[in-house]
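The entries follow the order in which I looked them up.

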Amino acid sequence: MPVVPPPAKILVTGANGYIAIWVVRLLLEQGYSVRGTVRTADKGKYLTEYFGKRGFGPDKLEVVVVNDIAKEGAFDEAVKGVDAIEHTASPFVANIVDPQGYIKPAVQGTIGIMQSAVKHAPGVKRIVITSSCGAVMAPPSKPSIFTEKDWNIDSVKEVEEKGVDAQPMSKYRASKTLAEKAAWKFYEENKANVNWELVVINPPFVFGPPIHEITGGPANLNTSLKAWYDAIVSGGPKTQEFLYTSNSWVDVRDTALGHILALQKQEAAGERIIVCSGAYNWQEWLDVASTIQPYPLPNHLPEKGFPGLETTYMIQYDTAKEKRILGIKLKTKEETTRDTLENLAARGW
């Protein structure tokens, strides 16, 4: 029996985001009802229209405005009457200069929703938080395999020492480390007095077809998918060094499914879980794209690059815990590539 079975009502924060809207979709498709938070009423219109076309009306999807997740008591009303919480709201954009632009909403939003649950949501049975492998992994100097026991303290130190001069990704990674550590601290201090359990999902780079609102074309894709688009579809000739830069990835739909299963699996209680499909370099994605026939974007045929060179993966993750607890049948690079390209073609890009 799932810990939180349908037709339970689930609160999803930042419901119009790249990952979050897939969480909402999978919840609705599995028979749950959803209350989604957005920053403005305009952002909520897309959600109600998108899901309304799929047969999910106001009785299944409720959209509420929380315009500042860092504000004290921001989620007090939103949490009332829900059975579980999926907290996905946190900034991941490349143009924030002040590290606090990442850190403040990430930390205060995370603690704030847990505080609201303690005060106003006695029926909540589980809180699932979207963290990141950015909270797990500090960029290594040699090939490394990371586990849920690892924490990225290096980025926190860099931000403390350099402030606005820290690397942009270090600012983001520091925010995820600090927010997740704050969540676990709050949970440990309060778990004897609450009815809910905490689960944290840690994805690496997230790729795959977007279903959230994107205005103005590919330039306005979310950060991780924009990197994929620039490497595979557009952005001009690529150097060998760039194409063999490695990291790890997961499909956005598998990330979302991990969040749903984290509500349902008893064994997930109190766990930090890396959800990852494996390592990659951009050359591998180009190789995969070149095999897809007919190619969905004939005006943007993939480059050949430099196929066949030896690959060294610098960043890999041990996913034994995910396999044991969640057991997701992860999508392949071929599935993710085809589905993403077809999505972009349907948008006329």
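I looked up Val164 and recorded it as partly exposed because its relative accessibility is 46% (buried is under 20% relative accessible area, exposed over 50%, partly exposed in between, with a 1.4 Å probe and protein chains only). The model is predicted, local features need pLDDT of at least 70, side-chain atom pairs count only at pLDDT 80 or more, and totals for chains, interfaces and linings use all residues. Residues are numbered from 1 along each chain as its sequence is written, and side-chain values use heavy atoms, with hydrogens and water left out.

I placed Val164 in the loop between helix H4 (154–162) and helix H5 (168–190); helices (H or I, at least four residues) and strands (E, at least two) are DSSP runs numbered from the N terminus. Leaving aside neighbours within four places in sequence, I found Val164 in contact with Val97, Asp98, Pro99 and Lys171 (contact means heavy atoms within 4.5 Å). Pro99 lies 65 residues from Val164 in sequence, yet the C-alpha atoms are 6.2 Å apart.

I then turned to helix H11 (residues 333–346), and noted its buried residues as Lys333, Thr336, Thr337, Thr340, Leu341, Asn343 and Leu344. They lie on the same side of H11, because they cover an arc of only 160 degrees around the axis (the arc is that of the directions from the helix axis to the C-beta atoms). Their cover includes helix H6 (223–232) and helix H8 (252–264). After H11 comes Gly348, with a positive phi near 80 degrees.
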